[in-house]
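Try each task before reading its solution.

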Amino acid sequence: MKKWIDRIARRIFTLSGFVTSVVILLIIGFLFSEAAGLFRQPIVEEGYVLALNKENDVDRLSAEQIKQLFDEDITNWKELGGKDMPVKVFRLEDLDHLYTEEELGAEYEHAGEKIAEQVRQTPGIIAFVPKVLVEGERDIHLVPDHTIPIKDVLLGTEWYPTATPSPIFGILPLLSGTLWVSFFAILIALPFGLAISIYLAEVAPPAVSKVLKPVIELLNGIPSVVYGFFGLAVIVPLLQQTFNLPVGESGLAGSLVLALMALPTIITVSEDAMRNCPRTMREASLALGATHWQTIYKVVVPYSVSGITSGVVLGIGRAVGETMAVLMVTGNAAVIPTSILEPLRTIPATIAAELGEAPAGGAHYQSLFLLGVILFFITLIINSCVEIVSARNKTKR
Amino acid sequence: MNKIEAKNVDFYYGTFHALKGINITIPNNEVVAFIGPSGCGKSTFLRLFNRMNDLIPGARLTGQVLIDGQDIYEKGVDVDVLRRGVGMVFQRPNPFPKSIFENVAYGLRVNGIKDKDFIRQRVEEALTSAALWNEVKDKLKESAYALSGGQQQRLCIARAMAVQPSVLLMDEPASALDPISTAKIEELICELSSQTTIVIVTHSMQQAARVSNKTAFFYLGEMVEYGETKKIFTNPEKEATQNYITGRFG
Ligand SMILES: Nc1ncnc2c1ncn2[C@@H]1O[C@H](COP(=O)(O)OP(=O)(O)OP(=O)(O)O)[C@@H](O)[C@H]1O
Ligand SMILES: [Mg+2]
């Protein structure tokens, strides 16, 4: 009987462990395969083509160049290595201005001819039109499409996922936004967190730390919207006033809110670590004539360094992955920040803000999965760093 | 010349009366052993000499403890300076999470000594006097935790000796060690006694008999008997002492 229970219990544990691992692997696999789909997408919106005059020999356009052409930032083909002729942008809507409804036909059946006519007439034209309309037309030059290059995504400095005709998925602004916000959050949270945990573990009278510690732990349970709301109501206007900014929503506001959110974790974990420093270790230091402060920073902190590191990393983990609060206070401008006082945008905030409007299976949708994968790698790197640091510290003991 | 003198010392942990009316004089450069059953207050008394009990909330002392004629509990006494002159070795080896060298140099560094050559020389002297130099001279940069328990304890002695204290307090310094390491520590105590006054708490009668000149027997917070070690072990005055050393209780 006992043996049976034993055996069944073992089965259940093995099974649940197995199922969990498989589910996690499936999730990661799903994330990766969706993300990889982005690099199989054409750069021009699906179902559309770019048509040029036959004389125009420009043969390859990057997403960024297409955007510049259609924004009229590039106004002459020689800028792209082509002939010296002015760029003339043509969209499907333009047909309605050039031709009457009868000419185009009730069902747009003549639209293809008319587009081709325009393309043949205008040497510098670039027409963004549905593929089906112009497929059969001769004497026009359709720009051959290609898939989104990995390099343009990973090193791209612009994020315009909804630009037409060709969205731009450069992740650098989001990546640097995330790193900036997290970095400054840690820069702010670390000294305060360390100071408060030292105070709680070493200086505060027992009565004070008995009250303060549960209060700080309570802060961990506050939902992040509330922090975001607080940031929006207090920190943002404060920053705007003190630094005389046009808008208070900025990277720094995000960092401050994140620091606030990471503090409870950093404090509780490192305080525990310092309390675990053996009493005789402290006494040995004091017995040698060291002061209380010397004992703290020369013995207690080094002894607890791996605990403190894991507290900080758990804090960073929260900062890097945090969405809501950051979304609310950073201003969400997808540009590479040149100063922490500018609006910026982080990876999680982007995913949260854009997933709702990205059609499933499209390039935009897949690009958001790619962002998820990148976030995954950032966390992975941070965690491995911790493993290495604490493993090194263990062997030192 | 008396190194340490306690006059009418009473000590309380909150309401618990841990030491009762203790008087003792410890002469310069002698080894004094504290013996007695567990919980009788030996450690408590020992830790009065470097004011280690200050850290315990609710602890209270009456009476006087004098070192070199100076009341160490008087107002205005600098505790850090006092502790510099009164080294301490604990029951379990407790090296810092630092290298061997830095462990020994610690006392010098926290006391503001910066001269590198001086520190190096002191560290070597201290390790030599703790009979550890030959074993560690090639791995001074390695972590102190890489040493064996006995070596760690000798490192802790070296650490205490590096600041050249005039008193060395040892609370059961060999109780966590094997017989060979214990013998080394005892040898060390005999050698160090030429430089410092040593007070050692021990549960081993043999150890007390081997290393000390004088022995004090504690029982239930009182000092029952204090005298020449030889006399205590061969011809004690009090019956309680007699019972304890013959192993009839405790
Ligand atoms: N921090 C403390 N708070 C309250 N009571 C204490 C404290 N430390 C020791 N005591 C009590 O004081 C008494 C003496 O303790 P002490 O540690 O001095 O004994 P000891 O003689 O060193 O014993 P052992 O041989 O076991 O080390 C014991 O009854 C103990 O319970
Ligand atoms: Mg004791």
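Contact here means heavy atoms within 4.5 Å. The model is a predicted one.

**Exercise 1.** Find what share of contacts in chain A between residues at least 6 apart in sequence join residues at least 24 apart.

*Solution.* Start with the contacts between residues at least 6 apart in sequence. Of these, 68% join residues at least 24 apart.

**Exercise 2.** Decide whether chain A is more or less spread out than a compact globule.

*Solution.* First, list the elements: chain A has 17 helices and 6 strands. Next, take the radius of gyration, 29 Å. The globule rule gives 21 Å for 397 residues. The value for chain A is well over that, so the chain is more spread out than a compact globule. Then look at the box: the C-alpha atoms fill roughly 95 × 70 × 35 Å along the principal axes.

**Exercise 3.** Name the domains of chain A, and state how far apart the C-alpha centres of domain 1 and domain 2 lie.

*Solution.* Chain A is divided into domain 1 (2–40), domain 2 (48–146) and domain 3 (172–396). The C-alpha centres of domain 1 and domain 2 lie 51 Å apart.

Definitions and conventions: Residues numbered from 1 in each chain as written. Chains lettered and ligands numbered in written order. Predicted model: local features only at pLDDT ≥ 70, side-chain atom pairs only at ≥ 80, totals over all residues. Heavy atoms only, no water. Helix = DSSP H or I, 4+ residues; strand = E, 2+ residues; numbered from the N terminus. Rg over C-alpha atoms; globule rule 2.2 N^0.38 Å. Domains from an automatic or database assignment.
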